[in-house]
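Please work through the following exercises with the sequence and the model at hand. Each task is followed by a stepwise solution.

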Amino acid sequence: MAIPSGSGTEVLCRGTIETLSNSQTAHVWTSPYRATTGTDTAVVPANTIITVLGFIATNTASGTENLRCYLHDGTGTLEILYQDIPEASVFAWNDRFVLYPGDKWSFKMDTSADVDIVTTFIKQDWSS
């Protein structure tokens, strides 16, 4: 991606994934920023940079669940997080990182769990 020039926008956003289970689900980077569980095709749009500020995962299922988080950079897949989340508890991750056009960020549970995820991010868009 070239260094942006001209006009664009920079907006603080929130995205969600509800009832995540063992179907890999990609975060959605276009409004309304709400991913459909089991849909793993969303990527960062062209002329866009995403700075993930953090996310909160809430385990509403019974028993401890294992959350996996992946970064797909177009050539490979990296597992960037593997976290146990006890029953009726919350895991907060506030490490920042950047996603470029074509990158995909996805989540998956090891079992048919019920976990809700809320992500906060900055979206820089130079597509207009």
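Predicted model: local features only at pLDDT ≥ 70, side-chain atom pairs only at ≥ 80, totals over all residues.

Residues are numbered from 1 along each chain as its sequence is written, and side-chain values use heavy atoms, with hydrogens and water left out.

**Exercise 1.** Determine how many disulfides (pairs of cysteine sulfur atoms within 2.5 Å) the structure holds.

Solution. Step one: the cysteine sulfur closest to that of Cys13 belongs to Cys69, and the separation of 18 Å is too far for a bond. Step two: the structure therefore holds zero disulfides. Step three: Cys69 is buried at 0% relative accessible area, where buried means under 20%, exposed over 50% and partly exposed in between, with a 1.4 Å probe and protein chains only. Cys13 is also buried, at 9%.

**Exercise 2.** Describe the surroundings of Ala35.

Solution. Step one: Ala35 belongs to strand 3, residues 34-35; strands are DSSP runs of E, at least two residues, numbered from the N terminus. Step two: beyond neighbours within four places in sequence, its contacts (heavy atoms within 4.5 Å) include Thr16, Ile17 and Thr25. Step three: the C-alpha atoms of Ala35 and Thr25 lie 7.3 Å apart.

**Exercise 3.** Identify the backbone geometry of Pro32, Thr19 and Asn47.

Solution. Step one: the Ser31 to Pro32 peptide bond is cis, with omega near 15 degrees. Step two: phi is positive in Thr19, near 50 degrees, and in Asn47, about 60 degrees. Step three: most residues other than glycine have a negative phi, and most peptide bonds are trans.

Methods. Helix = DSSP H or I, 4+ residues; strand = E, 2+ residues; numbered from the N terminus.
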